[in-house]
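Work through the exercises below with the sequence and the structure open side by side. Try each task before reading its solution.

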Amino acid sequence: MKKAERLIKRTLPAMAGAAAAALFLAGCGGASVNQTAAAAGASGTPCGTVNVAMNAWVGYTADAAVYSYVAKNKLGCTVVQKDLNEQVSWQGFASGEVDVIMENWGHADLTKQYITDQKVAVDAGPTGNEGHIGWYVPPWMAEKYPDITDGKNLNKYASLFTTSESGGKGQVLDGDPAFVTNDEALVKNLNLDYKVVFAGSEAALIQSFRTAQQNKTPLLGYFYEPQWFLSEVPLKKVNLPAWTEGCDSNPETVACDYPTYKLNKVISKKLDDSGSAAAKLAKGFTWTNEDQNSVATDIQGGMTPEAAAKKWVDAHQSAVDKWLS
Amino acid sequence: MSALVQERPTAQPAAVIVSEPRRRPSRRTILLLSAAAVWILGFLVLNGTATLALPASELTDLHRSLNQFNAWVGANRADNPLFLYVFTPLRSAVDAVANLFTTTFAATATGLRLPEIGWLGTVGLLTWIALAVGNLRVALLTAAVFVFFGIQGLFVEATYTFALVLTSVLLTLLLGIPLGILAGIYTRVAKVITPVLDFMQTLPTFVYLAPLALVFLIGPASAVIATVIYAAPPVIRLTAHGIRRIPDNTREASDSLGTTGLQRLLTLQLPMARRTIVMGINQGTMAALSMVTIAALIAAPGLGQTVIRALQSLDVGTAVNAGLSIVLLAIVLDRVTTAASRRAEPGAARSRRLGRRTRNIILGVALAVVLAMVQLSRTMLWAAAFPADLNVGPQIVQAVNAASHWLQSNLSLFTVSLREGVTGAILNPFQSLLTDTPFYILVMVFAIVAYALGGWKLAALTTACLAVIIFLGLWSDSMVTLAGTLVATAVVMVLGIVFGVAMGRSDRVDQLMRPLLDAGQTMPSFVYLVPFLGLFGATRFTAIIAGIIYAAPVAIKITADGISGISPTVVESAVASGSTPWQVITKVQLPMARQSLALAANQGLIYVLAMVVVGALVGAGGLGYDVVAGFVQSSIFGKGLAAGLAIVFLGIMMDRMTQAAAAAPARSIPSKTTA
Amino acid sequence: MNNPAISVRSLWKVFGPGGEKIPGNRELSALGSAELLERTKCVAAVRNLSFDVAKGEVFVVMGLSGSGKSTLIRCLTRLIEPTSGQVLVDGNDVLKAGVAELRELRRRKVSMVFQHFGLLPHRTVLDNVSYGLQIRGTGRNERHAKAREIIELVGLKGYEQHYPDQLSGGMQQRVGLGRALAGDPDTILFDEPFSALDPLIRRDMQAEVIRLHKDMGKTMVFVTHDLSEALKLGDRILIMRNGEPVQCGTGDDLVGSPADKYIEDFVSEVPRADVLTLKWITRPVADSTPGDAAVLNSRMIIRDAIPAVMHSSCPVLVEEGGRITGQIDRDSILSVLQPAEAAA
């Protein structure tokens, strides 16, 4: 032991010298890679950093992936994606954590709070997609029970939908508690013999519908379009009392179907004021439900969002150029 | 042969002895039985009346006025002095510290988003720190784990998480150690602080995310603040405990030499409490890691984000990959801080193999090498960003996904029938027993039980807690939560007794189980949700399983310690008098470990309850759902807040009741009539 | 006594709520412990105690556990705050001393050795012994030099870099002793320092204290529950019971003329011949005693006189201050050796 210690004492200073020399040589390199990389980045107007909120459904991911791809590769922006819940994302406008929400479903209250009152966000125009939310059943049920798509008949079929989670009532399967939903209120206000149960996520909803169609088991659930899954399993919508202007203004008393949402983009005031190309891109971005579904299908099929976005952008150069001009 | 024959008659007197002293049932038993009778009668006769059920979409006036808080904050953020001079500066300060660490280790916001110190430098620096505060073994572990993060393709995420943990722990210590010292020295401070800490520790992590995000906005700053709140109690408690448990005679000896208060603190209290304080740092760090992961919900960057994304896309592979990172990070943080606490043990210096000089030389040389690595990682791209060709993350994810698909498709029959069976046979009936009985009957039942366990005081406290819950408008949801919690706790106790007894009786089983339990305890609750979600779907059953997994290790450990803590002579004498192992367990070991069992139930319950909200992410209803939904839907923000409070009061009530059960003597003192 | 090192007057220590009222209250202060506890929920650990300790004296306070002796010794430097009374150290009233003054007293004048040693486990022997010097701001080199001296003095040379838990109990107490000596105080207080030690080691340590006392001549106040230790070390012994003084005097005073039944029981097991001096068995000189008989000093321990008396054919004369005070013979010696038979 003593000997080893002595050995260490003798050799270590030499090693330290060598290390210091290495340090010195390495130090000659000068500037940090970050600065070098920044200098070598895209030419033209500096874009800076864009924080993109990532809400948890594939349609959204498709929008955000294409936006991020273009911002990064065509504009040279630094894109930071943040996985956040829908409403939490809006809070990010106030804190500077979020610059872009790529697919917004309504949210009149948040619009008022953050765009009108606090003035920290700006409406960046429609995405070109139209959104529909509603209650759906798998196609086999619509065939077997043709009148089930009329909301008035739901109570008649309630017993079909009972599960161990629904406490003897029929089950309405909802997605993520964070999604836009009036379902709890609908059940109560339409006097439906149902209970809302949350699957927790879009993925879980899709899996449940897929299994229900495969095994011909009953399922009633919350769903929406644009949604790539509808081309795999064409779910049938159940018609609730039609939406009329203002019928859903009070979330506690709502007793009508969901409206048609003109999906839009929202960007932070900060990004808008900066005059960054990223703001321009966000405002210019529009596409169709088919476009979104094709990207979403690719992502669902196992492509990374970035690769799927690249594929779409490569095939739609002219559309992208239009967003930027 | 003759011995065998002789043995038989002795069995009979033994049987007589068992049945002979037929004690009259104690007062407590009578009270508990009558409570059960009231309950069942109430359930049967008055079923479904006065259940105080509140449909999920409905709010009470209280919830609406709490909602107003949300609007008030939004309206006053810009000009209220509280925000101008307290919250906003605090947020900026915390943000600056967090930013310093994240840009150093994880990523800057510009250019290629490379951190100030690239991966090579980070690995080198952290390894050096582990060597300096710990030993060579933990240093090697640190290096290996951080390189592995890169191989997993999660280096940036892991360093983000690490940087936030570092920020939180530093701030926690800055706040916690002085407070702990004050609480250790001044009894009065301790008296004020203890209930606050109790409250903070019963408060489920999730509950204060929403209000915090409201006040401090989402982002790393709020995440750090939430984490500090969560991690400070163990630091404060252990610091105070370390100072308080210094033997009187040592303190007196130091006083007799004429020390001033400051000298006493510096030469006696801090050095002697050092080890306990470092233990507090260890516990605080683990708590911080688990909270930083959850804080991903309010935009804390890092591994938590990856887990949440996996949770939302049911991507078991990604979840397992990220979960593995979190567990590894937990292990590194645990081992390094534990090694540091060993180093802090009094007199640890003498057992070191290297002299102080030699050690310093080694550290100095290593530092030079590390600085060279840091410099390299700032100049060379290969040393800055982890090489992409070493990243096997996607392969790991795919392999796990393949395995999980195989499991899901092959086990689904089993998992589904298990879930349906337990839900239908146990959970649903029990839940309806709680939700369908009129509230006044249940309040009465709880009050009687509380009185039986802890007298008038406890009965009053219990009634008060229930009254608050009713006032919060969440009685029915609370009963749903209570049902799940009690079922999970019951299972936890069964596991605790079975494994605890096995561990307490056999060193080999103990050695086998300990590392598993340790791993279970260091794993943040978030991590194992996804695999179970894959197996069982989003149901209450899944949430209960998650709660069980989270709480079982602590219950097993406490039970095992209780069993192995029984004096060996007692067990020896029982064996010597011819008891079978079963008799030893049931007649000697379990009764003698009764206090430990009650403590295990207490801790198990608190742990399960802490998991209730997180369980709502995978299908638990009740209060947990209210909290989660209130967090993500601004229209029911107030209800979520109320639900958070309801969980706290439910927790306080159950905690006090189990504590009273633990403290009460095994046999009540014979009442005067029998004496 | 001229300029006593320590002088205690009417000292009271009452534990419990409102304890400060009891010493001044005639009725309450007269109550026994049980009644006092019942009426006031207070315990009087030290009751109206007065004594002086001379410079260079070894003063032993003795009593059973619960007699208040440990409380008493702590009151001397206010480790426990006395309820009322007066404690003068070198003529200065400790009870009136301010914080700084009290600290000075503890740092320089009076140090203490404890039953459970009270060593700092995170410090080496050297650092433990030099702790007091560090506290009063002595520089590192100076205090280490002084500490090494002391360590040698208490017989721990070679153990400077050891930690307390590497030492045996006896050695740990030597560290405790060294720590008390390092500050070169005038007075050392001992609180049952050897009761946690094995009998053999205890004997060594007692011898050590006697040696140090001889070499350094410090005033010592020594608390013990062991009578033989008290008799061995004490110039004078104060016996306490229930916080009250029962008797105060030299060892042979206590054994020779116990003040009451309590002390009589206490000392009954003591080998009287080892403690008593000739004075206690001296009888008037008989006419038959020859004038040229051997003469012994009256302060001689009886056991030491045995050979002389037993070998002498006639009684032996006893002198004190050059004057013959009486005589002793074989019978008087035997009566001390076999007290039971003598009584019968």
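The exercises concern a predicted model, and each task is followed by a solution in steps.

**Exercise 1. Describe chain C as a whole, and then the part of it that carries a domain annotation.**

Step 1. Begin with the secondary structure of chain C, which comes to 16 helices and 13 strands. Taken along the principal axes, the C-alpha atoms of this chain fill a box of roughly 70 × 60 × 35 Å.

Step 2. Turn next to burial and contacts: of the 344 residues in chain C, 42% are buried, and among its contacts between residues at least 6 apart in sequence, 65% join residues at least 24 apart.

Step 3. Finally, consult the record, where an unreviewed UniProt entry annotates residues 31–267 of chain C as "domain: ABC transporter". Over residues 31–267 the chain is 43% helix and 22% strand, with the end C-alpha atoms 27 Å apart.

**Exercise 2. Find the order of the strands in the open sheet of 3 strands in chain C, and say which of them are edge strands.**

Step 1. The order is β11-β12-β13 in chain C, and the pairing is mixed.

Step 2. The edge strands are β11 (295–297) and β13 (323–328) of chain C, each of which pairs on one side only. Neighbouring strands of this sheet are turned by 40 degrees against each other on average, with direction ignored.

Step 3. Look at one pairing in detail: strand β12 (residues 316–320) of chain C runs antiparallel to β13(C) and is joined to that strand by 5 bridges. Within this part of the sheet, Val316(C) stands opposite Ile328(C) of β13(C).

**Exercise 3. Explain why the buried residues of α14(C) line one face of the helix.**

Step 1. Identify the buried residues of helix α14 (residues 302–311) of chain C, which include Ile302(C), Ala305(C) and Val309(C).

Step 2. Seen down the axis of α14(C), the buried residues fall within an arc of 55 degrees, and therefore they line one face of the helix. An α-helix has 3.6 residues a turn, so residues three or four places apart point the same way.

Step 3. Check the other side: the face of α14(C) turned away from the buried side carries the exposed residues Pro307(C), Met310(C) and His311(C).

Step 4. Locate the packing partners of the buried residues of α14(C), which are α13 (272–275), β11, β12, β13 and α15 (330–337) of chain C.

**Exercise 4. Characterise the side of chain B that touches chain A, and then a helix contact within chain B.**

Step 1. Describe chain A, which has 14 helices and 9 strands and in which buried residues make up 46% of the 325 residues.

Step 2. Across the interface, 61 residues of chain B are in contact with 58 residues of chain A. Among the helices of chain B that each supply at least two residues to this side are α17 (393–435) and α26 (622–632), while α15(B) gives the most, with 13 residues. By class, this side of chain B has 32 nonpolar, 22 polar and 7 charged residues.

Step 3. Follow α26(B) to helix α19 (residues 475–505) of chain B, against which α26(B) packs at an angle of about 120 degrees, with the axes 6 Å apart. The residues making this contact include Asp477(B) and Gly484(B) of α19(B), and Gly622(B) and Asp626(B) of α26(B); by class, the contact divides into 2 nonpolar, 5 polar and 2 charged residues.

Key
Residues are numbered from 1 along each chain as its sequence is written. Chains are lettered from A and ligands numbered from 1 in the order in which they are written. This is a predicted model: local features need pLDDT of at least 70, side-chain atom pairs count only at pLDDT 80 or more; totals for chains, interfaces and linings use all residues. UniProt positions are given in the numbering used here, feature names are shortened, and annotations may be inferred rather than shown by experiment. Helices (H or I, at least four residues) and strands (E, at least two) are DSSP runs, numbered from the N terminus. Two strands pair if DSSP finds at least two bridges between them. Axes are lines fitted to C-alpha atoms, for helices over the stretch in contact, and angles run from 0 to 180 degrees between N-to-C directions. A residue is buried if 20 or more other C-beta atoms lie within 10 Å of its own, exposed if 12 or fewer, and partly exposed in between; C-beta atoms are placed from the backbone. Two residues are in contact if their C-beta atoms, placed from the backbone, lie within 7 Å. Ala, Val, Leu, Ile, Met, Phe, Trp, Tyr, Cys and Pro count as nonpolar, Asp, Glu, Lys and Arg as charged, and the others, Gly among them, as polar. The arc is that of the directions from the helix axis to the C-beta atoms.
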